[in-house]
Amino acid sequence: QQQQQQQHYKTRIFEVASENFVPPGESMPPITSFIKPLAPLQLDFFQCVVCHRIVNEAIELICQHLACSQCFLDYMQCTKELRCPSSSCSQAVHGLHDIRPISKIALANIQSLRVRCTTPGCRTIIQLADLKQHTLTHISSNTKMSDTIDTPSRLTLRETISQPVDKTPTMWEVKAAQHIVKRIMTSSSDLGSSSGIALPTGGQVSFDLA
């Protein structure tokens, strides 16, 4: 019966949760990243009573405290209690009607908060309502950059040598072959000062031992 009750509350929380301001998998920037508004208590009012960041997918409890929907679900699951997580409040939640969406005015005020982008190298100050799209542009740029980088081969030397002859070796494979063969040749007294190695691809890597 308790599990069924928690499932009802979980459904209710997802129903009333407000807008998600950050991309999935990302966390809300710390409170220190926000530009302090003129009203000194405004940032405190919009903090989650669990994680103490600006609320994300927020809900409002009967005591008017705000919490992130996921934070309150985690709190409820860990403590098995239906009450406000704030240590200075602990107001009991008596029914589904005690969990409600935040007001449109509060939501508009949260959306208008200004925050510094936390991406390294970016100093943009942006409204919280635009943070998700701004963060996604950084993620997209990083993905395109990683696609253009030649990832070193993870093959062993035996696997590298056994590759088909029509496969062009990567720079890493060439350097590895040069290093290994150079060590072998320098330890042999009957080799000259320069030589090379024929690769299984049909080419040859030359190097100077002098």
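What follows is a briefing on some strands and on a pair of helices. The model is a predicted one, and the points below are to be read with that in mind.

**Strand S1**

**Partners of S1**
- Strand S2, residues 66-68, runs antiparallel to S1 and is joined to S1 by three bridges, and within this pairing Glu60 has Leu66 of S2 as its bridge partner.
- Four residues lie between the strands in the hairpin of S1 and S2, where Gln64 takes a positive phi near 75 degrees.
- Strand S3, residues 99-100, is also antiparallel to S1, to which two bridges join it, and here Leu61 stands opposite Ile99.

**Helices H1 and H3**
- Helix H1, residues 2-16, and helix H3, residues 69-79, have axes that come within 10 Å and cross at roughly 170 degrees; because an angle over 145 degrees counts as roughly antiparallel, H1 and H3 are therefore roughly antiparallel to each other.
- On the H1 side the contact is made by Gln6, Tyr9, Lys10, Ile13 and Phe14, and on the H3 side by Ser69, Phe72, Leu73 and Met76.
- Sorted by class, the residues in this contact of H1 with H3 are six nonpolar, two polar and one charged.

Conventions
Residues numbered from 1 in each chain as written. Predicted model: local features only at pLDDT ≥ 70, side-chain atom pairs only at ≥ 80, totals over all residues. Heavy atoms only, no water. Pairing = 2+ DSSP bridges. Axes fitted to C-alpha atoms, helices over the stretch in contact; angles between N-to-C directions. Parallel < 35°, antiparallel > 145°, perpendicular 65-115°, else oblique. Contact = heavy atoms within 4.5 Å. Nonpolar A, V, L, I, M, F, W, Y, C, P; charged D, E, K, R; others polar.
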